[in-house]
Amino acid sequence: MATEITRLFDFPYYQLETYNLKNAFTSKASGDWKTISTKEYIDQANQISRGLIKLGIQPNDKIAVISSTNRTEWNICDIGILQTGAQNVPIYPTICKEDYEYVINHSESTYCFVSDKEVLEKINAIKGNTQLKDVFTFDDIKGEKNWTEILELGKDDINQNLVEERKNNVKTDDLATLIYTSGTTGKPKGVMLSHKNIVSNVLSSMDRVPLDYGNSKGLSFLPICHIFERMILYLYQYCGVSIYFAESIEKLAENAQEIKPQVMTAVPRLYEKIYDKIILKGEALTGIKKGLFFWAVNLGLKYVPNGANGWWYETQLKLARKLIFSKWQAALGGELKLMVSGSAALQPRLTKVFAAADMPIMEGYGLTETSPVISVNDQRNKGFKTGTVGKVIDGVEVKIIETGEIIVKGPNVMLGYYKDIEKTESVLKDGYFYTGDKGEFDNEGFLKITGRTKEMFKTSGGKYVVPPLLEGELKQSLFIEQVMVIGEGEKMPAAFIQPNFEFIKGWIKHKKLNIGLTNKEIITSDIVIARMQQEVDKCNKNFGKWEQIKRFELTPEVWSIEEGHLTPTMKMKREVIREIYKNLYDKIYKE
């Protein structure tokens, strides 16, 4: 009888019975791809469980796991921890050591797995202020304890009966993990997700995955500490997808060509970067090649699913795919059938162009608190519509209340925030989770996100402005990488704009303009500022006079996670950005 999946550690056993993959997980180490089978995955997870029990780990203990890149070891430790009845506390590798200290203390983690020397140094700097008994590394680091010591400790299976007993005592409603949201303000909140929360989300999302079960390859590179990628990896395991971990974002295309994946997941900013690089290459072409390239791109920008543009468009699209888009596919391995996007709004132009290129991006919507998927597009059965986040998945109920806020009910909704009843009660009411996002359903049942309740503001004239709508429109420009609309309580909306420096440098060279190529020279160039004004003017045409951007300032830095502009999921930290650019804010409103 097939394994019934009610807890997260049931997925590997189901995979063993159903697919028994030779290549369950593959990571690159020292230039070579190293693979483990489903059987080896389970065996090593059991070793970790036995080793942890010998270390004294008890049910409901917390164990932190921090990795700079996705890797096989993370998944083995995840299952090994969960089987003991303890909880896995994944932590973003990019946060500061003070936040490490807060999360480890707040979660009361007693052990910690870290990937590399850089993360280890941050942990060692605060370890004395925590309850951590020991830290184990995935990389071999001289003088440090390695995760293989726990594998070795659990090599003897004499206490496997204890592991089985612990597994049997874990119920589907039990807490599985604490995920600390990166948050755009304040201290991280510990989202409590049960086995049922995540398992139900995997099983309901499976129907939206058009893959050849047992014979597909997935490329993983989004941080596994985020629930989006973590749920996807459980989903891959359930669908018999062989999982390959990219070495880094920079080596994504190179790894994709080696692996030839059929599916991958990303956040919108990464798809934007891929698109920008493709367009830059097109700009470098000349003559008929350039003409054909942009003919194909412009055709792609008019794409509508399900052949709605008619036979003549479809005929041209077929030719464009053969002549131009096939090269785009080859750059990502040539076999990509599906890309999934989450975490933030995806530009409609990207949805259209990549679908036209026969590499459709299925945009979805969800939050950490909903494990995460609430809705997602599906290219089959007319379940795909650009500009939307798809239809709500089975088993989940969504309502739009009078204020326009989206509220959600279902088995995927979190247990609450760890040690914070007040915050929990502020978002969980009568079984519904209040998302803070605004949305609407169209007449076909597709959900569209229209803004975030907390991000709306009023100008001094009492007019409402919805920054994400303006920002989304502006970010369709190839000249703009990041933008934040400001103006709460002020007489007019304005914007901080981080130019797309890579694209602009290519544009300067192509146009042979007399402009220096440093970031400072670019943002102070009258030619660049005038060109940026054209982009702002184009955006403003789509909005009422009261919400149009009257002034903007260009920022010299690339906004990044490391410098504090962005959360680990690449969302803007609005208060931080405003503080960083206080001088520009004052220039706009006080001069």
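Which strands and helices do the buried residues of helix 16 pack against? They pack against strand 22 (457–458), strand 23 (464–465), strand 24 (480–486), helix 19 (526–540) and helix 20 (574–580), where contact means heavy atoms within 4.5 Å. Heads-up: this is a predicted model, where local features need pLDDT of at least 70, side-chain atom pairs count only at pLDDT 80 or more, and totals for chains, interfaces and linings use all residues. Residues are numbered from 1 along each chain as its sequence is written, and side-chain values use heavy atoms, leaving out hydrogens and water.

**Helix 16**
- Pro467, Leu470, Glu471 and Leu474 are the buried residues of helix 16 (residues 467–474); buried means under 20% relative accessible area with a 1.4 Å probe, protein chains only.
- Looking down the axis of helix 16, these buried residues fall within an arc of 100 degrees, so they line one face of the helix.

**Cysteines**
- You'll find zero disulfides here, a disulfide being a pair of cysteine sulfur atoms within 2.5 Å.
- The closest cysteine sulfur to that of cysteine 77 belongs to cysteine 112, and at 11 Å it is too far for a bond.
- Cysteine 77 is also buried, with a relative accessible area of 0%.
- Cysteine 225 is in no disulfide either, with the nearest cysteine sulfur, that of cysteine 112, 12 Å away.
- Cysteine 225 counts as buried too, at 5% relative accessibility.

**Helices 2 and 3**
- The axes of helix 2 (residues 38–55) and helix 3 (residues 72–83) come within 8 Å and cross at roughly 50 degrees.
- Residues of helix 2 that meet helix 3 include Tyr41, Ile48 and Leu52.
- On the helix 3 side, Ile76, Cys77 and Ile79 are among those in contact.

Conventions. Buried < 20%, exposed > 50% of the residue type's maximum accessible area, 1.4 Å probe, protein only. Helix = DSSP H or I, 4+ residues; strand = E, 2+ residues; numbered from the N terminus. Arc of directions from axis to C-beta. Axes fitted to C-alpha atoms, helices over the stretch in contact; angles between N-to-C directions.
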